[in-house]
Amino acid sequence: MVLAVGCVALVAFLGYFKYMNFFADSFCRLLGRDTVTWNIILPVGISFYTFCAIAYLIDVYRGEYPAERNFWYVALYISFFPKLTAGPIARGKDFFPQVRAYRGIKWNAVHDGVQILVIGLFKKMVLADHLGVFVDDVFFCPSAYNTGTVLLAAVSYSLQIYFDFSGYSDMAIGISKILGFDLAPNFNLPYLAANVSDFWKRWHISLSSWFQDYLYIPLGGSRRGETRTYINLMLVMLCSGLWHGAGWTFVVWGFCYGILGCINRAVGKIDRGNRWKFLRIVLTFGIVTLLWTIFRADSMKKAAQFLKALFSIHTGISQPYTWSFFAMAVLVAGSIAAYVKSKRAGQNRIQGFYPIVDLSKCWGQIAFFTFTGLTIIMGYYGDTAFIYGNF
Amino acid sequence: VKTNRTTLLRDKIKVDLECGGNSAGEERMEKLRRIAAGLWKLVFSGILSLCLGSVLMSAYRYPGVHIVNESGATDYKWRPNQRKATMIEGFTWLRMDDNGFNNAYEPVGERVDILLMGSSQMEATTIAAKENTGYLLNETLPEYTYNIGISGHTIYTCVKNLKAAVNEYQPTEYVILETASVELSVQDMQAVLEGTYAIIPSHDHGLLYILQKALPVLQTLYKQTRDWKNEGIEETEEIEQVYDETYAAALDAFLAKAATPVADSGAKLIIFYQPPTAIDEDGNYMDSTDLEAKALFQDACEENGILFVDMTEPFEELYNEQHRLAHGFINTGVGVGHMNKYGHQVIADTLVDVIRTDKMEGENSDAHSLWVRNLDWRDEIPYGAGSGMCRTCCIFGIF
C-alpha cells in the first residue's frame, strides 16, 4: 500500500510538471478545441530524482536493502548534486553503503576524479557545444542545405548528444569521486553496438537498467510467452520515449525503438558470431542516427522536413563543418584505444575507459595541464545547456 | 584502530627517546623537502605547459599584439609584420605589412589612390591575404588601394579618425568606408561630433605587452575566461531608436563630418553597407535591416555627396544563385561572424562597378544624384538574374 501510494504520488508529480501541458494539448486537439497551456515551470532534473525515489521505494519493498532510518542519507541519495540535473540514476544499494562508510576526501580519489571531470568538460565544451552550433542551424531550416550537409548534420547530432550526455555523466562521476563517492559508468561506447538492444545496454545504462528492473521485469519480462514479451518491449520503449520528453516526437522515437527491439528479438536468435560485425555496427549507427533526428526535431512536422531533406538529392548551402570531422576523429580514436586495451586485457566485450595519467609524475602533470588548457581554449562559450538537462 | 594508533604512538616515543628526539625533526624536514619538491615539480610542469600551449596557440589562434597608431588614422595598428593565426573562424595564417595593416598587394609607387577603412570585416584576418576586398580591388582596378581596416573600428571610430587618415595617406581618388550598421546611435554620433568618443586602448608597454608577446596562450585564455564570464549576462536592453528629427540632424552632422575632410582632399567618400546575412525557416534570404533607418542613412549620404552602396541585393543574389552566404565559415555557424571569401568577392565586384561607372560619369554631381536615386532599393529596380541587365547598369539606372 505504502509502495503504491509512494509510486503514484511520485509519478503524479512528474506527470503534473512534465506532461500536463502535453496531455492537455493533445486532448484539446483530439476534441478539436483550442489548445490550453498552463504556465508550469519544469523543475530541473525531475525525471532523474523521481526515478531515484521510485527505485528506492521498490528496492526497500523487495527487501533488497532495509529502509534507511537516517533522513539525511535518503535526502543525500535523492538530491546528490553531481547527478541531480541529468543522472546517472544511482541505485540505493550502491549509494547507501558508501554514505555509511564515508571517510572524507582522499587524494587518490581526487587524482582520478579531477581528470574524469576534465574529460567530461572536454566532451561537453569542446565537442558537443561546437557541434550544437551546426546542428541547430541545419535543423532550423533543413531545406536550405544540400543533401550531404543534412546527412552530416544528422551524424553530428548523434555525436553531439553522445558527447553532451556522456560528458555530463563524466563530470558527475568525476565530481562524485572527488567528494568520495563512486557512481557507476553511464555509457560504454554506445556507437560500437551491433544491434539496437546492444545499443541500449551501452547508452544511458542507468536508465536502461532502471526500466528493465522496475518496469520490464514487473510486467513479466520474457517469462510470459512471446506475444507478451513483445508487448512488454513496446511498452518499455514507449515509456522510455515519453520519459525523455513530453512530445509526439519522443513517443514516435520510443515506438520505433520498440519495433526495432521486437525485430531484434525475433531475428536475434540466429547466432551470427563475429561475421559482418563491422557492417552491423555501421547499420546500427545508421538506424540510431536516423532515429535521433526524430528525437531532435521540435515537432513531427520538422522531423518530416528533415527526413525529406535527408532522403532527397537537392542543392543548397554546403557546410562541411570541421568540428564534426574532429569529433568523429576523437570518437574513432577513443574506440580504437578501447578496442586495443580490451583485447590486451583479454576481454571479449570492448570496454570504455578513462585515460588517467599519473599526476605525481612531471610528464603526467604537463599532459594534464596542457589538456585542461586546451579544453578551456577550444571550448565554446555560447548559450548551451545540457541536452539531457531538459528531461 | 585505537589499538594500532596507541602502538604506533608508543613506538614513536620509544624511537624519539632512543634517538634523542632527532628523528622527529628529520621526519619534519623530510616532509618539508617532499612538499617543496612537489611544489617545484608543479611550477615547472605549469611553466612547461604554458610554453607548450603557446606553441600550439601560435598556430591555432594568435591575434597578435597591437600598438598605438601615432598618426591617429586608426586607434591602433598591429606590430610591423605581425604574424597572425586563426583557426577558430576560418583557417588562416597571415602576416601584416610594414605598417601593421593587412595588405598583401605590392604597391607600385608611394601614392595611395583608394583608402579602404573599416572594422575587422575589412581587416579580414579570417580569410587568405589574397582573398580580401583590398587585394581584389588592387587586382581589378588600375588604382592602388591601401587597406587600413582594423578590428573594433566601427563607423564611429572610422569617422572619428577619418581626418587623420586622409592626412596620413592622402588618397587621390576615393575613401571607402565599410559599415555593418545603418541604424546608428545618436549618443555615439554626438560623442564623435564632440570629440569624446572612446579610443580603443593598446597595451603596448609593460608587463601586459611582454606577456602577450611571449606567451600567446595567455591572450586566448584571457579571452575565453572573459567570454565565459559574459556568457550568462544578458545584453543590456537596447533602447528602441526613434528616427525623428533629432536623429536625422545628428546623422546629417555625423556624415558631414565624414565627408568634409575627404572632399577637402579632392577625393570622394564611398560608404558601403554590408548587412548581416541570415536565412529564415523556409530557407529564404532574410533582410533584418530597419528600412526606415536605411532610407534615412541613404538620404543623408546623398545630401553630403557620399556614394552609398548597399550590399543587401548582391548578398541576396549570392545566396539565391550560388547557395552561399557572405558571412560564416566551415568551422562557425552558417551566416554568422565575419565575411568569408565569397562576401569579399561580391563586395569587391560591386565596388569595382561603382568606381568604374563613377569615373565614367566624371565628377558631374548630377550623375551622382542620378546614381544615388536609381540605386534606391525602394524603387524596386528589376535587378539581377533574368532582368537582362548587368549589375552596374542596374545600379546606375543605365537602360
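Which residue of E5(B) stands opposite Lys84(B)? In this predicted model, the residue opposite Lys84(B) is Leu94(B).

Three strands of chain B form an open sheet in the order E1-E4-E5, with antiparallel pairing. Its edge strands are E1 and E5 (92-95), each of which pairs on one side only. E4(B) and E5(B) are joined in the antiparallel sense over 4 bridges. Between E1(B) and E4(B), which also run antiparallel, there are 2 bridges. On that side of the sheet, Arg61(B) stands opposite Thr86(B) in E4(B). The hairpin of E4(B) and E5(B) has 5 residues between the strands, and Gly90(B) takes a positive phi near 75 degrees there.

**The largest pocket**

The largest pocket contains about 1,700 Å³ of space. It is lined by 50 residues, and those closest to its centre are Arg61(B), Pro63(B), Ile88(B), Lys223(B) and Arg226(B).

From chain A, helix H6 (107-140) and helix H15 (362-378) each supply at least two residues. From chain B, elements that each supply at least two residues include strand E1 (61-62), strand E3 (76-78) and strand E4 (83-86), as well as helix H3 (120-123), helix H7 (206-214) and helix H8 (216-231). H8(B) gives the most to the lining, with 8 residues. By class, the lining comprises 22 nonpolar, 21 polar and 7 charged residues.

**Enclosed cavities**

The search of the whole structure finds 4 cavities of 30 Å³ or more. The second largest cavity has a volume of about 40 Å³. Its lining consists of Phe139(A), Pro142(A), Arg296(A), Ala297(A), Asp298(A), Lys302(A) and Phe306(A). Of these residues, 4 are nonpolar and 3 are charged, with no polar residue present.

**The contact between the chains**

How many residues does each chain bring to the contact? Chain B provides 33 residues and chain A provides 33 residues. The size of an interface is often expressed as the accessible area lost when the parts come together. Here chain B and chain A bury about 2,700 Å² between them, of which 66% lies on carbon and sulfur atoms.

**Salt bridges**

Side chains of opposite charge can pair when their charged atoms come close. Over all chains the count comes to 23 salt bridges, and 1 salt bridge is found across the interface of chain B and chain A. Two of the salt bridges are set out below.

| Residue pair | Closest N and O atoms |
|---|---|
| Glu281(B) and Lys302(A) | 3.3 Å |
| Arg202(A) and Asp198(A) | 3.3 Å |

Lys302(A), the partner of Glu281(B), is also one of the residues that line the second largest cavity. Arg202(A) and Asp198(A) both belong to helix H8 (residues 196-202) of chain A, where they lie 4 residues apart, about one turn of the helix.

Definitions and conventions
Residues numbered from 1 in each chain as written. Chains lettered and ligands numbered in written order. Predicted model: local features only at pLDDT ≥ 70, side-chain atom pairs only at ≥ 80, totals over all residues. Heavy atoms only, no water. 1 Å grid on protein atoms, 1.4 Å probe; cavity = no way out; pocket = protein on both sides within 12 Å on 5 of 7 lines; lining within 4 Å. Points joined across faces, edges and corners; volume = space filled by probe spheres on them. Nonpolar A, V, L, I, M, F, W, Y, C, P; charged D, E, K, R; others polar. Pairing = 2+ DSSP bridges. Contact = heavy atoms within 4.5 Å. Buried area = accessible area lost by both parts, 1.4 Å probe. Salt bridge = Lys/Arg side-chain N within 4 Å of Asp/Glu carboxyl O.
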